[in-house]
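Try each one yourself before reading the solution.

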Amino acid sequence: MSSLEDLFSKRLIVVMGKGGVGRTSIAAALATSLSRMGRRTLLYQASAKEKLSQLLGGPRVGEQLEEVRENLWAVNTNPGAALHEYGLMILRYETIYRMVFENRVTKSLLRAIPGLDDYSIIGKMWWHATQEEEDGSLRWDTVVFDAPATGHALTMFKIPSAILEAVPDGPLTRDAVRVRRLLEDPDQTSVVLVTLAEEMPTNEAIELHDRLHTDLHMHPACLVVNQLYPDRFTAHTGPARVLSALLSGGEEVARDSVLSQVLPAARTIYLRRELNERYLARAREKIKLPEVHVPLLLVPSLGNEEVDAIARIIEEQTVPMARRMA
Ligand SMILES: Nc1ncnc2c1ncn2[C@@H]1O[C@H](COP(=O)(O)OP(=O)(O)OP(=O)(O)O)[C@@H](O)[C@H]1O
Ligand SMILES: [Mg+2]
């Protein structure tokens with residue numbers, strides 16, 4: 001099995017990248033693929049702007065788990081809700097939870113613990129990823145975490161280690177050991193890096209890739225390069241030759257009413273793709289990972305059909321035909 005195909009058998013997939021590069025869209029597409037392959041999948045978000053109803057064409061997704069498609073569930077938690085669930089899990093009863101957690105002193109104490117908000121988010125993620133049914137089988141085959149943007153994600157995933165360094169052995173460290181073990185285990189957890197082939201996102205992806213190894217000891221499976229411009233004008237074949245002939249066509253082309261309107265758009269696409277190629281090469285030089293290329297879809301905003309299309313594009317580049325058809 002190739003390392004990429006292997007991605008689809010992980011228990012936890014963490015989608016990371018710079019803000020705005022398409023983490024949520026790619027996470028939704030990956031979760032769609034997984035569910036279509038018959039894996040019970042949970043798409044996990046925290047404090048995210050509600051977009052999944054549009055992306056997946058299902059119900060709005062909030063603090064409660066929602067079934068959005070066959071085999072696909074989603075939740076958009078937040079630190080308050082995650083901590084509430086955790087508190088209830090340990091204390092078992094809502095009234096006792098209120099007495100302890102809603103107590104003024106406890107509340108201000110909790111607020112003073114650095115990183116607690118983020119820890120509650122990865123704690124809940126870990127809980128879902130390891131949650132068992134009564135018969136001992138796992139509740140979810142895969143949890144896909146639409147992680148926060150780079151800087152925030154790096155601090156968030158560092159917290160289990162920070163707890164282990166700072167807190168004496170006890171219940172808190174016992175859980176932190178378990179969370180870290182799951183995150184660092186390449187058989188169970190993979191990171192999917194998302195980027196655009198542009199300057200800032202590529203630089204950030206390169207740094208994130210380094211930090212995953214050095215700081216977090218987590219394992220990236222692939223680099224998804226999103227929103228690539230079409231390359232129909234860059235190949236040294238027919239269309240490219242036609243375009244360069246037209247671009248250097250001078251007066252005659254400028255006078256042609258149709259060509260003079262189409263050419264600027266073609267030229268923009270050509271130049272954007274050229275820029276994409278430059279940053280693809282830079283990413284390739286620094287990040288030794290299989291690449292998955294996702295085109296820029298020319299629609300005002302992504303919906304259900306586009307997410308399905310992206311899911312298929314990802315599958316075509318990762319999963320062999322035989323398994324896709326199974
Ligand atoms: N392949 C694509 N083609 C066209 N538009 C895309 C593509 N991927 C993402 N987009 C658009 O880019 C924008 C950002 O995408 P998305 O919300 O998935 O990014 P994000 O990394 O999750 O952002 P944030 O940091 O705000 O959470 C959205 O408007 C989305 O519709
Ligand atoms: Mg997002």
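**Exercise 1.** Which residue has a polar backbone atom 2.9 Å from an oxygen atom of ligand 1?

*Solution.* Ground rules come before the answer. This is a predicted model, with local features needing pLDDT of at least 70, side-chain atom pairs counting only at pLDDT 80 or more, and totals for chains, interfaces and linings using all residues. Residues are numbered from 1 along each chain as its sequence is written, chains are lettered from A and ligands numbered from 1 in written order, and side-chain values use heavy atoms, leaving out hydrogens and water.

Now the contact: it's R23, through its backbone. Next, look at the nitrogen atoms of ligand 1: a backbone N or O atom of L297 sits 2.9 Å from one, and a polar side-chain atom of Q227 is 3.2 Å from one.

**Exercise 2.** Find which elements each supply at least two residues of the shell around ligand 1.

*Solution.* Start with the shell itself: 15 residues surround the ligand, with G20, T24, S25, K51 and L297 the closest. Then go by element (DSSP runs: helices H or I of at least four residues, strands E of at least two, numbered from the N terminus). The largest share, three residues, is from α2.

**Exercise 3.** List what M16 touches (heavy atoms within 4.5 Å), skipping residues up to four places away in sequence.

*Solution.* Working through the neighbours gives R23, A147, A153, F157, V191, V192, L193, V194, L208, L212 and M218.

Conventions. Near = heavy atom within 4 Å. Polar contact = N/O pair within 3.5 Å; in protein donor to acceptor, adjacent residues only side chain to side chain.
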